[in-house]
Amino acid sequence: MASHYEAPIRRPLVTGEKSYHDVTVDVAAPVEGKANKQWWIVFSIALAAFLWGIGCIIYTISTGIGTWGLNKTVGWAWDITNFVWWVGIGHAGTLISAVLLLFRQKWRMAINRSAEAMTIFSVVQAGLFPIIHMGRPWLGYWVLPIPNQFGSLWVNFNSPLLWDVFAISTYLSVSLVFWWTGLLPDFAMLRDRAIKPFQKKIYSLLSFGWSGRAKDWQRFEEVSLVLAGLATPLVLSVHTIVSFDFATSVIPGWHTTIFPPYFVAGAVFSGFAMVNTLLIIMRKVCNLEDYITVQHIELMNIVIMITGSIVGVAYITELFIAWYSGVEYEQYAFLNRATGPYWWAYWAMMTCNVFSPQFMWFKKLRTSIMFSFFISIVVNIGMWFERFVIIVTSLHRDYLPSSWTMFSPTFVDIGIFIGTIGFFFVLFLLYSRTFPVIAQAEVKTILKSSGERYKNIRERGDSLVGTGADARTSGNTVSKPVTKAKEASEGDNSEKVNNLLGSIGSFDADTQTADDLKKVNGIGPKMEEVLNSIGIYTFLQVSKMTKKEYDLLDSITGTFPGRAERDDWSGQAKKLIN
């Protein structure tokens, strides 16, 4: 029996044998390069939804709130449902980033930027609904503490809606500063790489004079920790205040002390689901599969499973308290939710929020990208139904049967909501083309401990000394040890190279001219050097590649696995030949 347990090397968080330079190039690529077809498809759909929403908002403001499906009994419905839904998603973003930073979780590096940006854009969508619901949005400044000669404009400071103004504006301010602080090193990186003077000027302004000195990094660490420490309790307090919009009333189904923790758990649940949705889209649209790995998606799914179970316990607790209270109005409110006219919304909520996350107990399902994307969408739909059930089913059956009524949304209600979803994705996609969606400086800090390249070096038993240096700037000072294992692998590679060239043909320097392989999208200067070292110099050779040759190429180079097949180098080369 062994005297001690040797822990296995953990799965790498950065795949693809990345060097420090590769990280910079990959993170800057979506900003510096042209948008690919997938980006344009998603952006076009989002823009169409946004424009439809703009049309519905203009129609509402020009005609009046009567265009919505509200009535005397259900005065709050679609708009406040959407408001709380967007607030919940927004509040989770900064919380995810801040808590993972405070707990020093390395897998945070791939998701924190998307989570923080999600917060900003979600709160913008949430703020639209109270402004539109005012009926006269040009008088929106009335909710701000601006005195005038007739007295304070705070006509009802006891209103929970005014608490929302203070809570959300404070939260947005802290989240914005937290997000921007994290972006400073990346703005400086883009500034230093910029070629056009205008771009260099813009990124110089955005980076606030970041120089990368030790003093800059020290302040960066301190400010990030302070802001994370401020944001975490602020998130809990802000969504608690949102729950007070309901809990401080005497409406059956709302007047309960479980609402604050229940709303916070629901916000984290829906927030993680939305971050998962965004990450799965981003890794495809921005070619970031090596940084947003299946392991990241799996860890997110585990949190979704846990928070979904907490939300399920909250639902059961609500039912128990209503029964245990002995108050017939409370009991009827919950019975009406499950068996009344809106039973379909209640059971959709239960199915999406409680039952669907339980599939994540199975490793095969929680590591499936498509299934994870499907469940993240389902969870967000379920959380929207939760807010709809809380609001509409508690209002449409009043104490007087004579005032009982049903709520049905109009095309304007639906259009505005779809418009805000489109607006959210328009903002996020434009952000992904102008700001780095991965914190490249932070990813580099975990490369030696969590990168695939260094994991392979440790497993071979080689020394890590000198492996982080860049051969282009180090001269011959870095000498890497050559082991027997390495020599064996080089022997294997020579056989694979012969097989590859046997399939696609060899290059004859006397009779053929080398092509500029960088014209193929996905082949940069470094990759062109690698291909040349193998013996690939022409578009004709690249055009003959099939699945078999792609796999051989990946096994020889060990970098950018799957990129040649994903970018269809063969198809691009055929077009360039023609």
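Is arginine 563 buried or exposed? With a relative accessible area of 13%, arginine 563 is buried, where buried means under 20% relative accessible area, exposed means over 50%, and partly exposed lies in between (1.4 Å probe, protein chains only).

## About the model

Please keep in mind that this is a predicted model, in which local features need pLDDT of at least 70 and side-chain atom pairs count only at pLDDT 80 or more, while totals for chains, interfaces and linings use all residues. Residues are numbered from 1 along each chain as its sequence is written, and side-chain values use heavy atoms, with hydrogens and water left out.

## The chain as a whole

The chain has 24 helices and zero strands. Both are DSSP runs numbered from the N terminus: helices are H or I with at least four residues, and strands are E with at least two. Of the 578 residues, 50% are buried.

Among contacts with a separation of 6 or more, 78% join residues 24 or more positions apart; a contact means heavy atoms within 4.5 Å. The chain exposes about 27,700 Å², and carbon and sulfur atoms supply 66% of that area (Shrake-Rupley method, 1.4 Å probe; for residues, only the protein chains shown count as cover).

## Around arginine 563

Arginine 563 belongs to helix α23, residues 563-566. Leaving out residues up to four places away in sequence, arginine 563 touches Asp26, Asn287, Gly522 and Trp569. Tyrosine 550 is 13 residues from arginine 563 in sequence, and their C-alpha atoms are 8.8 Å apart.

## Serine 207, between two helices

Now to the loop between α6 (197-206) and α7 (214-247), where serine 207 sits. Serine 207 counts as buried, at 1% relative accessibility. A polar atom of its side chain lies 3.1 Å from the backbone oxygen of serine 204. Beyond its neighbours within four places in sequence, serine 207 is in contact with Leu184, Phe187, Ala188 and Arg191.

## Helix α9 and its end

How far apart are the end C-alpha atoms of helix α9? They are 46 Å apart, which agrees with the 46 Å that the 32 residues of α9 (294-325) should span at 1.5 Å a residue; the expected span is 1.5 Å times one less than the number of residues. Glycine 326 follows α9 and has a positive phi, near 75 degrees.

## Cysteines

The count of disulfides is zero, a disulfide being a pair of cysteine sulfur atoms within 2.5 Å. Cysteine 56 is buried at a relative accessible area of 4%, and cysteine 352 also counts as buried, at 12% relative accessibility.

Methods. Polar contact = N/O pair within 3.5 Å; in protein donor to acceptor, adjacent residues only side chain to side chain.
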